[in-house]
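Biologist: I should like to understand how the terms used for a structure follow from computed values. May we look at one together?

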Amino acid sequence: MEITGAVALVTGANRGLGRRFAAALLERGAAKVYAAARNPESIDLPGVVPLRLDVTDPESIREAAKIAGDVTLLVNNAGSSTGASLLGGSLEDIRLEMDTHYFGTLAVTREFAPVLERNGGGAVLNVLSVLSWFTAPQVAAYSAAKSAAWSLTNALRLELAAQKTQVTALHVGYMDTDMAKHVDGPKIDPAVVAGLALDGVEEGRFEVLADDVSRNVRAGLSGDLAGLYPALVS
């Protein structure tokens with residue numbers, strides 16, 4: 001899919017990776033970029049079209065689809081990170097993770113799929129994570145939701161193929177954003193990640209693995225899982 005001339009919608013575009021996506025799309029010649037957020041007044045990027053969209057609110061999604069009826073590229077980027085564990089964490093936080101990453105991505109894609117079809121097929125880019133494939137207690141709720149979103153992405157790719165809508169999954173480790181400000185260690189520049197992901201969309205790729213962490217964990221899935229969880233091996 002060509003980014004030049006595309007009409008894109010990015011969820012969670014007010015900060016972090018979403019803002020970098022919106023900026024990169026403009027730089028690559030997108031004809032229009034809808035920058036979606038729960039609070040559109042928080043959008044401060046020149047050249048975009050601010051749009052109210054809460055991925056956990058069905059009415060908000062329907063209204064956004066009515067306004068943005070010319071979209072050819074949907075970027076499902078909106079996310080949450082509660083830090084909830086599965087056994088001790090709040091069920092409300094765990095539900096929020098699933099509502100945002102799984103049901104939110106599904107709801108937005110279902111609403112915009114007919115829009116994409118009317119406009120020639122287009123593409124969907126789902127922002128996933130290395131934590132789709134690996135987990136730890138302090139990210140367990142987030143990881144479970146991202147894992148569900150990975151399976152969802154693969155299923156949507158099959159279902160949307162009939163209307164010629166390509167679906168690309170982005171997997172990445174920690175980025176230098178507010179969401180990961182508490183994390184010590186290497187973090188990749190979100191602007192670099194946005195560029196790699198959009199390259200993948202233009203190339204029609206199924207998956208984009210944006211860093212070494214994602215590539216190494218993805219490769220580890222083909223071996224004994226003890227390799228990914230050595231602490232469990234006595």
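Biologist: What makes the span of helix α1 (residues 16–27) agree with its 12 residues?

Modeller: This is a predicted model. At 1.5 Å a residue, the 12 residues of α1 should span 16 Å, and the end C-alpha atoms are 17 Å apart, which agrees. After α1 comes G29, with a positive phi near 95 degrees.

Biologist: Which residues of α1 are buried?

Modeller: They are G16, L17, G18, F21, A22, A23, A24 and L25. Among the elements that cover the buried residues of α1 are β1 (7–10), β2 (32–37) and α5 (190–203).

Biologist: Why is the aromatic pair of Y102 and F103 called edge-to-face?

Modeller: The ring centres of Y102 and F103 are 4.9 Å apart, and their planes stand at 85 degrees. Centres within 6.5 Å make a pair and planes over 60 degrees apart count as edge-to-face, so the name applies. W133 and W150 form another edge-to-face pair, at 5.8 Å centre to centre and 80 degrees between the planes. This pair links distant parts of the chain, with W133 in the loop between β5 and α4 and W150 in helix α4, 17 residues apart.

Note on methods:
Residues numbered from 1 in each chain as written. Predicted model: local features only at pLDDT ≥ 70, side-chain atom pairs only at ≥ 80, totals over all residues. Heavy atoms only, no water. Helix = DSSP H or I, 4+ residues; strand = E, 2+ residues; numbered from the N terminus. Expected span 1.5 Å × (residues − 1). Buried < 20%, exposed > 50% of the residue type's maximum accessible area, 1.4 Å probe, protein only. Contact = heavy atoms within 4.5 Å. Phe/Tyr/Trp six-rings, centres within 6.5 Å; stacked < 30°, edge-to-face > 60°.
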